[in-house]
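Have the sequence and the 3D view ready, and we'll go through it bit by bit.

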Amino acid sequence: MNKFFERRYVVTGIFIALILTLLGRLYYIQIVDDRYAIYATKNVIRNFIVYPARGPILDRNGKILVQNEPIYDIMVTPKDVKPFDTLEFCKMIGIDKAGFDKRWIKAMKYSPTKESAFEKQVPASIFASLQEKMGDFPGFYILPRTVRSYPDSVAAQFLGYIGEAQDRDIERSKGYYRLGDYIGVTGVEKAYENVLRGQRGVKSMMVDSRGVQKGSFANGAFDTVARTGERLTSSLDIELQKLGEQLMHNKLGSIVAIEPSSGEILAYVSSPTYDPNLMVGRERGNNAAKMYNDPYKPFFIRPIQAQYPPGSSFKPLSALIALQEGIISPSETYYCTGHYRAGNRLVPCNHGEAHGSVNMSRAVAESCNGYFSMVFQRILERTGAKYTEAAFTKWRANVLKFGLGTRLDLDMPAESRGNVPTPLHYDNVYKKGGWRASTVISLAIGQGELLATPLQLANLECTIANKGFFYKPHLIKAIGTENVIKEEYTKRNYVGIDSQYFEPVIDGMQAVVENGTARRSKIPGIIMCGKTGTAQNPRGEDNSVFVAFAPRENPKIAIAVIVENSGEGAHWAAPIASFIVEKYLKGKVTPRESGFTVDYFANANRMPDLALYAMDLKKERMRDSIRAARADSIKKFKADSVKKAARLKTAANNKPGGWGSLLAGRGAGK
Amino acid sequence: MSNYNNHNQRSFFFNVDWVTVFLFLALCTIGWFNIHAAVYDEKHPSIIDMSTVYGKQFIYIMVGIVVGMVILLLESRFLAALSPVFYAITTLLLMVVLVIGKNVGGNQAWINMGGGFRLQPSEFAKFSTCLLLARYLSSVNVKVTELKSFAIVAGIILVPMLLIKLQPDDGSTLVFCSLIFVLYREGLSPYFLVTIAAIIILFITSQLYNEYYIMGIIVAIASLIAYLNKRNRQTMFKVLVAAVACIGFVLVAKPIYNHGLKQHQRARIDVVLGITSDTRGVGYNQNQSKIAIGSGRLWGKGYLKGTQTKYAFVPEQSTDFIFCTVGEEWGFAGSVVVLGLYLFLLLRIIFIAERQRAPFTRIYGYGVASIIFFHVIINIAMAIGVMPVIGIPLPLISYGGSSLLSFTILLFVLIKLDSNRMGII
């Protein structure tokens, strides 16, 4: 015992006190504070997205238009690589030593411990031989993926393509898409993106501090399975589509064929077209750039984006409206002198030769400009010349019912409206009340400001074939394996013309093919009703237009064909249409009596002068860039003003004392 | 006496304090299992695999037990007599390490022994310093309150401190400060303890708060004490001096902090004080460590099931941050057990020290207790983020041969000396 004996209690006390303090703190962070358990979970769990395969797309007979083809990415984890026969490896995947080193450095730079793609999109042919040898290359493994593949290389503009999601897609999807995700960019891939993409799965994996995967979390209890995208059955007939593309080869233009009894689109040809397989794989970027800069614009979806004056193919519609309105009777005759005089305008007819006396059917059959000008003038002037505007508005409403001048709401993006001019348009061009029937007389023969897409023209034929109604045209017949059909496609859209008025017009249209302008396109054994058109084109020669439906009784197909810069409808569009109709109705094509053959049309080159289009393309690109720049500056201005407003608002909120205290607040913030 | 000696020779387990031996073995075993968990790898699941650190730790434990038994064979007298020699050897090694040492993690603290083993002299310096201190303080006519004795004592402690500081291993340097408890027990004025406490408190508060507030509080407290002792002029004078010293220290604390410390030291302190938060850089280690321990909850995640531990989120987990494994896999229950064992060990050592006749053993015992105490407090406080990162091991649990061996020697020398408690050294 010494005199400092009692100091042992002080030392003991300090020991106990500090150890209890630590225990107290441990109690707090281990029991009271539950944040750390959450942080630990966050540290170790990464959710990985499992991408489903996109849905396939079939044609109406179940033939494959788009499928998924396996490709293979060779992945590497540099840390796990052990010495191996580099030469053999390079030879197998078709790269040289320098290429190997480049990829190796890239992978190392990304991460020595995490996997990255060493070589992307290796085709199945290489995969087969590589797979056997994979054991010789530790650290490398093969990741199967899928890409879109188009076995028949048809219907590119219908199918569209997919691409990596852009910033605005990501923004619009509110974070559904991430950088590097694929999304439909055009065509059906875009229109049915939500159905095709399927449902993504999530896999919770545990990772270590370097992000290396260490197996599934909780044995996959929180994982969700990826669900493959729905299968789409398109209304297209792949054989018809192929024939259409063949016939339109080396021509600008479009073919749209619709089944009148359902609105299902059978053929959807846009020419020039391209092989959809070009938009897949390693060369995608180069191919896309080449096509984007092609003056003939293969990406332009002519069936719904190109707008043409319908020309004479509009005449049956004029006739129907006149009959419904009681303006004229089918038997009433008009004497054609070769010209029609409206005010001080002279509309030439039949190249200046007189048709003589024509009734409605003959007028349609012989495409008498005079007759239809007369009918149109009567429609507009039936309540007196002073009230032209009111009559015009009524006429326009009737035309719109047929789906002209308005979007048909096709299940595809980027549809054009076409154009049926409004009275306001003429008020602006002339002046209020400064125009008469004679001023707008060219509308009577489908010229002037009238514009229609090939789809609208084909739909017009459907309406005539159905004698008064149409089904909404559509490209996707059924969704999923249960073949769900959208309800809107089963509804008849009436156009306000009684069915009895169609007979005389259809008589005329039958005569067009039997012995009229399109007689050389007559299909043996099939009664086709059609109408040729020759519409002015500002760029060079006229467009060749033909619309038709067949057979006359119980029509199965309605069609519109436009061949740009090819002159009269009878020469190009009509024969092409006849082959499509024959193919669809008979399953084969035969030469026409006139000697026309499929080969002749398939081989004919009607491409217009490139210079005209190249110039247009240049102008368009310039306009695009100006528009983009303007949109940018507007956006920026808006963003700035929003920011400014927000700044003022916060300033006002924070400083109820007004400007004086605002300044004071700023001083304190320093 | 001869009978006693005969008895001693018959068994070297005579008079051995089995409680301490048990605590020693318990802590070593806990350490071994937790090191296994900390570096656990599915590819090497066996716990005895010599290519892994837990395999090596197993060897160290075995070596430690052998060394412990050898120590029990030694003469107590011999240990006391040779203490200057041990001290000289470790001091020499501390010098040697500065010349030929291997630099690991910025500290030149290891001497390569070949065969993948490295010696850390600073670990053994703790033992030899303790021993020499006991020897000197227990000699006749030495009083720590006397200036000359105090100077020699300070010298004994400061020489290894300075040499270790040159490595520069801050953690091991600070360990020697714990010997203040020994000096206090042997008669050093309590004012030393109070002064050290005051310095720590004032240093921390002056980093956190405006120094004028702190000075105001000092003046207020001083005035209150002075008022209560207004009759006693001497006390009033002392209070005045203390207050002036405190204020003076507060004034220099910030400049010392900003200029006296190195950048990485300041950064670590800032993280703990919450002045900065950097969970990716300087604060990463402590943050992950806190997450590991905190996520253990009451019962822990289970052996080999700690995600922070298994997936290597905490660097240095088998050595300085081994307590993370305890906290994460065994939860608060495990923390209580481990800290309980340490507290038990500390109290047992003090008990042993106080039952000695010979001051030598008592002083040595207090030295052992102080060193273990300091290691435990600093290491765990660091792991749960209440102290800056100071790299010192958790006694007997952390991975490391030198550390394990030096604590084994510290303890077994005490056990040996204690077994001879009836004799006079």
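Keep in mind that this is a predicted model. Let's start with a pair of helices in chain A: the axes of helix 10 (residues 238-247) and helix 20 (residues 573-586) come within 10 Å and cross at roughly 160°. Angles over 145 degrees count as roughly antiparallel, and therefore helix 10 of chain A and helix 20 of chain A are described that way. Helix 10 of chain A passes helix 20 of chain A in a right-handed crossing. On the side of helix 10 of chain A, the touching residues include Leu240(A), Leu243(A) and Leu247(A), while helix 20 of chain A brings Ile576(A), Phe579(A) and Ile580(A), among others.

Now for the place where the two chains meet. Chain A puts in 29 residues and chain B puts in 37 residues. Which helix of chain A gives the most to the side that touches chain B? That's helix 1 of chain A, with 16 residues.

Over in chain B, you'll find an open sheet of 3 strands in the order 1-2-3, with antiparallel pairing. Strand 1 (102-104) and strand 3 (117-119) of chain B are the edge strands, each pairing on one side only. Strand 2 (residues 107-114) of chain B is joined to strand 3 of chain B by 3 bridges, and Ile111(B) stands opposite Leu119(B) in strand 3 of chain B.

Key:
Residues numbered from 1 in each chain as written. Chains lettered and ligands numbered in written order. Predicted model: local features only at pLDDT ≥ 70, side-chain atom pairs only at ≥ 80, totals over all residues. Axes fitted to C-alpha atoms, helices over the stretch in contact; angles between N-to-C directions. Helix = DSSP H or I, 4+ residues; strand = E, 2+ residues; numbered from the N terminus. Parallel < 35°, antiparallel > 145°, perpendicular 65-115°, else oblique. Left-handed = near helix turned anticlockwise from the far one by under 90°. Contact = placed C-beta atoms within 7 Å. Pairing = 2+ DSSP bridges.
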